[in-house]
Amino acid sequence: MSKDLKYIEFPAGTNKIYLDDVCYELDRETDTLTICSEGNFNNFLKKRTFNLINRFGLRTINILKISAISLSILLFLLLFFKIFLKGADSLLSLILISASLISFIVASHLYEIVNYCNIFRCKKCGQDFAYEEMKKPLIKMVSTYNKYEKTITSYMKCKYCNNENVKVEIAHRNSKSNPKNIYKNRKTCKGCGNKFSLIEYRYPDAHLEYYNRFRTIRHYKCTDCGYMEISIKDDYVDVNRM
Ligand SMILES: [Zn+2]
Ligand SMILES: [Zn+2]
């Protein structure tokens, strides 16, 4: 596992920092942290969805999706009853687990295709694959004392009737079960230089950012001056070595 650690510093009076095409903003009244960046165009997904829907039709894809999820649940139940009634038989259990998992992966892939088909259908004229993206999507992450939320906003326009559509999708949402303050870690403040003045003042945001990347964001503020800081640590799981 490799890791990557960086610090974003907010000296007294500074609330906004741009670093590597990412904007970090702190609201000092509420301690809300907002991180904004540009995402990638959805074009390749649109093309893939377009090809599949053209080939099989939306109705067939929908039927396949429901069949795959039902099969996955059925196989999982069979596995459960088999273990419950007869104890684990390694080979058959392995076959059932694998088949259930494969059906689940196929179902989620088909679900994504149907979802993208709906995204690109014009809300006004109803044409399929009508929306084109006007600019790159905005990826926004908001962290407060009691929640962490990541949203993706896409800006689209219909190529037939020029209808504009802004779509906000919640990619990730966490409620923090323990929103209380913590004063665990104390460090020397980089603003005023006082020892043990920089405190970690609330619970970190920890979440799976990508399938192989686990991100932890810690929040610090100085008790003596207006200096604030966040640390962002990414732990990478090397999937090739597993
Ligand atoms: Zn339209
Ligand atoms: Zn300080």
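A donor, in the sense used for the metal sites below, is an N, O or S atom within 2.8 Å of the metal. In this predicted model, the zinc ion (ligand 1) is coordinated by Cys122 (SG), Cys125 (SG), Cys158 (SG) and Cys161 (SG), at 2.3 Å, while the zinc ion (ligand 2) has Cys189 (SG), Cys192 (SG), Cys222 (SG) and Cys225 (SG) as its protein donors. The protein that holds these sites has three helices and eleven strands, and the structure contains zero disulfides.

**Overall form**

- Read from the N terminus, the elements of the protein follow the order β-β-β-β-α-α-α-β-β-β-β-β-β-β.
- The radius of gyration is 24 Å, well over the 18 Å that the globule rule gives for 242 residues, so the protein is more spread out than a compact globule.
- Along its principal axes, the C-alpha trace of the protein spans about 65 × 60 × 30 Å, and buried residues account for 35% of the 242 residues.
- When contacts between residues at least 6 apart in sequence are considered, 53% of them join residues at least 24 apart.

**The zinc ion (ligand 1)**

- The donor residues of this ion are spaced C-x2-C-x32-C-x2-C in sequence.
- The arrangement around the zinc ion (ligand 1) is tetrahedral because its four donor atoms subtend angles of 103 to 118 degrees, and the cut-off for four such donors is that all angles lie between 85 and 135 degrees.
- For comparison, the ideal angle for four tetrahedral donors at a metal is 109.5 degrees.

**The zinc ion (ligand 2)**

- The donors of the zinc ion (ligand 2) lie 2.2 to 2.4 Å from it, and in sequence the donor residues follow the spacing C-x2-C-x29-C-x2-C.
- Two of these residues link distant parts of the chain, since cysteine 192 sits in the loop between strand 8 (186–187) and strand 9 (198–210), and cysteine 225 sits 33 residues away in the loop between strand 10 (213–222) and strand 11 (228–236).
- Cysteine 222 counts as buried at 7% relative accessibility, while cysteine 225 at 26% counts as partly exposed, and cysteine 192, with a relative accessible area of 34%, is partly exposed.

**Helix 2**

- Helix 2 (residues 58–86) has 29 residues, and the distance from its first C-alpha to its last is 42 Å, close to the 42 Å expected at 1.5 Å a residue.
- The buried residues of helix 2 include Ile61, Lys65, Ala68, Ser72, Leu75, Leu79 and Lys82.
- An α-helix has 3.6 residues a turn, so residues three or four places apart point the same way.

- Threonine 153 belongs to strand 6 (residues 147–158), where it counts as buried because its relative accessibility is 10%, and buried means under 20%.
- Leaving aside residues up to four places away in sequence, threonine 153 touches Pro137, Leu138, Val166, Lys167 and Val168.
- Lysine 135 is located in strand 5 (residues 131–143) and, at 46% relative accessibility, counts as partly exposed.
- With residues up to four places away in sequence again left out, lysine 135 touches Phe41 and Tyr155.
- Lysine 135 and methionine 156 are 21 residues apart in sequence, and their C-alpha atoms are 7.9 Å apart in space.

Key: Residues are numbered from 1 along each chain as its sequence is written. Chains are lettered from A and ligands numbered from 1 in the order in which they are written. This is a predicted model: local features need pLDDT of at least 70, side-chain atom pairs count only at pLDDT 80 or more; totals for chains, interfaces and linings use all residues. Side-chain values use heavy atoms; hydrogens and water are left out. A disulfide is a pair of cysteine sulfur atoms within 2.5 Å. Buried means under 20% relative accessible area, exposed over 50%, partly exposed in between (1.4 Å probe, protein chains only). Helices (H or I, at least four residues) and strands (E, at least two) are DSSP runs, numbered from the N terminus. Contact means heavy atoms within 4.5 Å. Donors are N, O and S atoms within 2.8 Å of the metal (3.2 Å for Na, K and Ca); water is not among the atoms, so sites may look incomplete. Four donors count as tetrahedral if all angles lie between 85 and 135 degrees; four count as square planar and six as octahedral if opposite donors are over 155 degrees apart and all others between 65 and 115; anything else is irregular. The expected span of a helix is 1.5 Å times one less than its number of residues. The radius of gyration is taken over C-alpha atoms; the globule rule is 2.2 Å times the number of residues to the power 0.38.
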